[in-house]
Amino acid sequence: MGHGSDTLSLSVHFQGSATHEGTPLFRGVTLDLRAGEWTCLLGVSGVGKSTILRLIADLPIHAEFDGKISASDGQPLSGRIAYMAQQDLLLPWATVAENVSIGDKLRGMRPDQSRRDDLLVKVGLTLHAAKKPSELSGGQRQRVALARTLYEGGDLVLLDEPFSALDARTRADMQDLAAELLRSKTVLLVTHDPTDAARLGHRIAVMTSDGLNWSDPPNGPIPRDIDSAETMQSQAALLKTLRAA
Amino acid sequence: MIRVLRPLVAIGLALATWQGIIIAFEPPRFIFPSPARVAETWWENRMLIAWHTGVTMSEVALGLIIGVTVGCATALTLATSGFARLALKPILVFSQALPVFALAPILVLWLGYGMGSKIAMATLIIYFPVTSAFYDGLMRTPPGMLDLANVMGASPRRILWVIRVPAAIPSFVSGLRLAAVYAPIGAVIGEWVGASNGLGYLMLLANGRAKTDLMFAAMITLGVCSVILYLVTLAATNRIAPETPSNQPRG
Ligand SMILES: Nc1ncnc2c1ncn2[C@@H]1O[C@H](COP(=O)(O)OP(=O)(O)O)[C@@H](O)[C@H]1O
Ligand SMILES: [Mg+2]
C-alpha cells in the first residue's frame, strides 16, 4: 500500500448499470481504462460520472449498482488508487508538507521525507512546505493536492473534476503539470469541460443517459497545445456532442 | 485600547445608573444598598468572601474537568459506535429534557452537603453542551476528507484520530466556552439547595439575615469570577479555534 511500484501500470475494466431511486442512472456502461493512458469521461452535471469514478474507488454512492469492476491482473484495486477531487481536501490544521504525506500518517506509517521533498520540488512549492493551506492560493492548494496524489504512488489515478474550481490560467498550468507528473499512470479524468478532455484525453468518452459515446481525440501527445487548431476543433466538436445529448 | 476601554465604560455606566437609582429613590439600605456601601462591606468581609469564593471555584473547576472528560468520552463513543448511538442517544436526549435544577435536591440527598453534590451539579449542567457540541463536530467531518482517507486505506481508528477529532476541535471549543459559563451556575444552584460553604450559601445566608450589602458583594464576586473564567477559557482556546474562522482558502 502506498508508494506503489512506479513500473508498468495497470488497466481496469468497468461494466454495469446503476439506478437511482428506481430510475436508471446509466445502463450497460462499459469503460476500459488502459494502462498508462488518460481516459476522459466527459458529461453534463448529474449524468453519473462521479458515480462511476466512486464505484471504481470503492467509495459510497447515491445509487444501486449492478455490474463488475476488475483489474487486468485480477488483483483487488484497493491500495493501488490515488484520488483527487474538485475540492483540494487539504487538512487546514496541517502544514503543506504534512498534507502531502498524510496518507502515511493515516496508515500508521512514518512519512517518507525525501519522497515528500522531491514532490514539493516537482509542484514548485518547496518554499511553502511549512505553511498552512489557508496561506496559499487556490492554484497552489490544488498543486499540494496533486503532490499528495503522487505521494500515494498508486498506479491508478482517479481525478474527479480536479481543475474545475480554478481560473482559466491556473487551470491550464495545472493541466500541464498533471499531464507531466502523471505520465505512465493509468488515469481516469472525470470532467464536464471539453477543454480538459481535448487537452488530456488519450481516449474520450462522452457520457449521456443512454451510455458512452467514444470520440476521436485530437492527434499528438498530451498535454496538447491549448491553442492548436486541432485541440480547438476537438473541443468544439465535444461541446456540440454534449449539447446534443 | 478600545478593547480595554469598552468594558470600563460599561462598568462605569452600570455604577452610575446604580448610584442614580439610590439618589432618586433613596431605598432603605437592606432593600437596595449603594455601590459605596457594597464596596465597604466587600472590603470588611474580604477574608470571608475569599474563602467562599475558593470553595465555589474549586467546585466549578472539578465539575469542569469531570464534565468535559466524561462529555468527550461520550461524544467519541457515540461517534464511533452505531450501537451506542442507538442505545445511548435517546437516553441522552431524554435526560436533557429534565431540568438539571430539579435534580439538585436529590444530589444533595445522595452526596451530602459537602462539595460532592455541587461538583456533580456543575458536571451535569455542562455534560450535555460539551457532549453535543463535540459529537456534532465529529459527525460533520467534510465527506470528501473521509473519501480521501478511505481511498488511502486508513482504518476507522486512524480516521478518527487523524481527521475527525482535529476537524471537530472548533465545535468542541464552542462547547467548552458554553461549559465555562454554565459550570458556576450549576455549582451555585447546588449550594442554594443545601450547603455550608460557597458563594451561593453566603448569598442565601446574607439574604436571610437582611444583610443585603453582603449578598450584593457575594453576587458581584460570583459574577466577576464567572467572567474571568470565561475570558480565560476564551484566551486559552483562541489560538486553536479563533472566534472568526480564517481557514477559508484565499482563492
Ligand atoms: N449527494 C447526493 N444525494 C442524492 N443524490 C445524489 C447525490 N449525489 C449524486 N446523486 C444522484 O446521482 C446522480 C449522479 O450523480 P453524479 O455521479 O455525482 O453525477 P456527475 O458526477 O456526472 O455530475 C445525480 O443525478 C443524482 O441524482
Ligand atoms: Mg461529479
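In the predicted model, a salt bridge joins the side chains of A:Asp88 and A:Arg141, with an N to O distance of 2.8 Å. The two residues belong to distant parts of the chain, 53 residues apart. A:Asp88 lies in the loop between S5 and helix H2 (96–100) of chain A, whereas A:Arg141 is part of helix H5 (residues 138–152) of chain A. Over all chains, a search of the whole structure gives eleven salt bridges.

Chain A contains an open sheet of six strands with mixed pairing. The strand order is S5-S6-S7-S3-S8-S9. The edges are formed by strand S5 (81–84) and strand S9 (211–215) of chain A; each has a single partner strand, so one side of each has no neighbour in the sheet. On average, neighbouring strands of this sheet are turned by 20 degrees against each other, direction ignored. Within the sheet, strand S3 (residues 38–42) of chain A pairs with strand S7 (residues 186–191) of chain A. The pairing is in the parallel sense and runs over five bridges. One residue of this pairing is A:Trp38, whose bridge partner in S7(A) is A:Val187.

The contact between the two chains was examined next. On the side of chain B, 23 residues are in contact with 26 residues of chain A. The size of an interface is often given as the accessible area lost when the parts come together. Between chain B and chain A, the buried area is about 2000 Å², and carbon and sulfur atoms give 68% of this area. In chain B, the residues that lose the most area to chain A are B:Leu148, B:Val151 and B:Met152; together they account for 32% of what that side buries.

Polar and charged pairs also occur across the interface. One salt bridge is found between chain B and chain A. The side chains of B:Asp147 and A:Arg54 meet in a salt bridge, at 2.8 Å from N to O. Three residue pairs are in polar contact across the interface of chain B and chain A, both residues being at pLDDT 80 or more. Helix H7 (143–151) and helix H8 (156–193) of chain B are the elements that give two or more residues to the side touching chain A. H7(B) gives the most to that side, with seven residues. By class, the side of chain B that touches chain A comprises twelve nonpolar, eight polar and three charged residues.

How values were computed: Residues are numbered from 1 along each chain as its sequence is written. Chains are lettered from A and ligands numbered from 1 in the order in which they are written. This is a predicted model: local features need pLDDT of at least 70, side-chain atom pairs count only at pLDDT 80 or more; totals for chains, interfaces and linings use all residues. Side-chain values use heavy atoms; hydrogens and water are left out. Contact means heavy atoms within 4.5 Å. Buried area is the accessible area (1.4 Å probe) that two parts lose on being put together, summed over both. A salt bridge is a side-chain nitrogen of Lys or Arg within 4 Å of a carboxyl oxygen of Asp or Glu. A polar contact is a pair of N or O atoms within 3.5 Å; within protein, one must be able to donate a hydrogen and the other to accept it, and residues adjacent in sequence count only if both atoms are side-chain atoms. Helices (H or I, at least four residues) and strands (E, at least two) are DSSP runs, numbered from the N terminus. Ala, Val, Leu, Ile, Met, Phe, Trp, Tyr, Cys and Pro count as nonpolar, Asp, Glu, Lys and Arg as charged, and the others, Gly among them, as polar. Two strands pair if DSSP finds at least two bridges between them. Axes are lines fitted to C-alpha atoms, for helices over the stretch in contact, and angles run from 0 to 180 degrees between N-to-C directions.
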